[in-house]
Amino acid sequence: MTSDLNDISDDLSPPVTTTIANDLISEQATRRLFRTLALAAALLTLLVLLGTMAFIVHTFLSEFRVLALDAPVQLAAAPHGAAPPAAASSTPAAAAAAPHFWVSLGAFTTSIAALVTALVVAATVLAIALVRASFTMTARGDEPAPSAVDTLEDAPVTLPAADFVKAFGESVQTALKGLQAPVR
Amino acid sequence: MNPTATPSSSATPTPARAAAAMLARHWDGKLPVDPRRIAAALGIRVVARGGRADPGYAFSGYFDNTGEQPVIEYNQSEAVVRQRFTIAHELGHYALGHASSPRDTPASFSTKVADDAERLANRFAAELLIPAKELRLLLQTGKLKNVAEFADAFWTSQLAITYRMQGLGLIP
């Protein structure tokens with residue numbers, strides 16, 4: 001004897017864990033979606049920053065390259081440090097001034113590179129921070145949030161940087177006492 | 001397209017792909033996966049055998065594809081998780097283009113079964129009842145602590161969830 005699908009009793013319901021599992025899966029899928037979005041946003045931010053920096057550096061260096069090409073005559077004409085005014089219009093004097101300019105350009109380029117490096121590092125840190133921020137999506141329900149009253153009571157009574165000034169003053173006083181002490 | 005048509009054997013998919021395709025078409029994304037509902041959506045008649053009304057039925061399940069409409073039988077006197085696995089297993093015979101299978105005994109669901117068709121159907125059943133993506137997501141949450149809870153989440157046996165995790169390389 002057989003019974004078809006309509007005869008099958010559905011009195012056996014699935015375990016409660018299935019409902020919990022569905023909620024967990026939904027939360028985890030959402031968390032992964034936001035993490036992916038954060039990663040994409042961080043990558044985009046990094047790319048935009050890098051592109052902007054590359055453009056700025058390229059523009060600076062291009063301008064200075066043009067200046068460098070015109071530099072021998074302009075530098076020679078300008079009252080420049082050790083170059084004597086009488087020799088300003090002569091070509092050998094201009095050639096002598098050029099190395100000094102190139103040294104300055106090299107230092108400037110190094111500064112720009114250092115600045116760009118610092119900005120890249122900052123951008124990378126920002127991107128990492130953005131990604132890290134996407135991980136903290138769960139609330140710690142087992143720890144009560146600090147109340148505003150507690151926060152006020154625990155707040156330092158001194159002004160900002162007062163401790164630093166006080167410590168600095170004590171250090172100076174100690175140094176002065178050391179100077180005034182008799183030599184043994 | 002006739003929903004009851006058995007997939008052609010010339011383009012037989014792997015158990016994983018067949019199960020993924022079936023889930024994509026006929027599963028609402030909520031656990032537990034209901035193989036009876038999927039079978040009904042495919043136009044397969046699911047028949048309960050055994051129990052007090054049919055005490056002589058000594059098999060776990062059967063897939064009959066000889067008539068106009070495919071039929072899946074399962075033994076309702078067995079544990080619910082076994083019933084679900086049996087229906088999923090018989091769905092595997094259907095999805096993988098197997099002919100009507102011999103009546104499945106409990107030995108058919110063993111991992112040591114020698115018959116290729118039975119082994120593939122078992123793998124299909126595991127893929128269908130325990131989708132890999134959902135299993136990985138649940139593992140990532142770290143909220144379910146042991147195999148028993150995972151088995152409850154997917155409404156399968158602990159043995160099935162253990163083999164599935166091992167198959168996915170999630171546990172040694």
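Predicted model: local features only at pLDDT ≥ 70, side-chain atom pairs only at ≥ 80, totals over all residues.
A salt bridge here is a side-chain nitrogen of Lys or Arg within 4 Å of a carboxyl oxygen of Asp or Glu. Residues are numbered from 1 along each chain as its sequence is written, chains are lettered from A and ligands numbered from 1 in the order written, and side-chain values use heavy atoms, leaving out hydrogens and water.

**View 1. The interface of chain A and chain B.** Here 20 residues of chain A are in contact (heavy atoms within 4.5 Å) with 26 residues of chain B. The two chains bury about 2100 Å² between them, 66% of it on carbon and sulfur atoms; that is the accessible area (1.4 Å probe) lost on putting the two parts together, summed over both. Look for salt bridges across this interface and the rule gives you zero. The model scores ipTM 0.80 and pTM 0.60.

**View 2. A:Thr17 against chain B.** A:Thr17 sits in helix H1 (residues 16-77) of chain A; helices (H or I, at least four residues) and strands (E, at least two) are DSSP runs, numbered from the N terminus. Setting aside neighbours within four places in sequence, A:Thr17 is in contact with B:Leu144, B:Glu149, B:Asp152 and B:Ala153. A:Thr17 is buried, at 15% relative accessible area; buried means under 20%, exposed over 50% and partly exposed in between (1.4 Å probe, protein chains only).

**View 3. Chain B on its own.** Chain B has seven helices and three strands, running α-α-β-β-β-α-α-α-α-α along the sequence. Of its 172 residues, 49% are buried. Take the contacts in chain B between residues at least 6 apart in sequence, and 67% of them join residues at least 24 apart. Mean pLDDT for chain B is 87, with 87% of its residues at 70 or more. Residues 1-5 of chain B fall below 50, and this stretch has seven contacts in the model beyond near neighbours in sequence.

View 4. Most residues other than glycine have a negative phi, and most peptide bonds are trans. A cis peptide bond joins B:Leu31 and B:Pro32, with omega about -5°. B:Pro32 is in the loop between helix H1 (15-26) and helix H2 (35-41). B:Trp155, not a glycine, has a positive phi of about 55°. Its loop lies between helix H6 (147-154) and helix H7 (158-167) of chain B, and B:Trp155 is buried, with a relative accessible area of 15%.

Key. pLDDT = per-residue confidence, 0-100.
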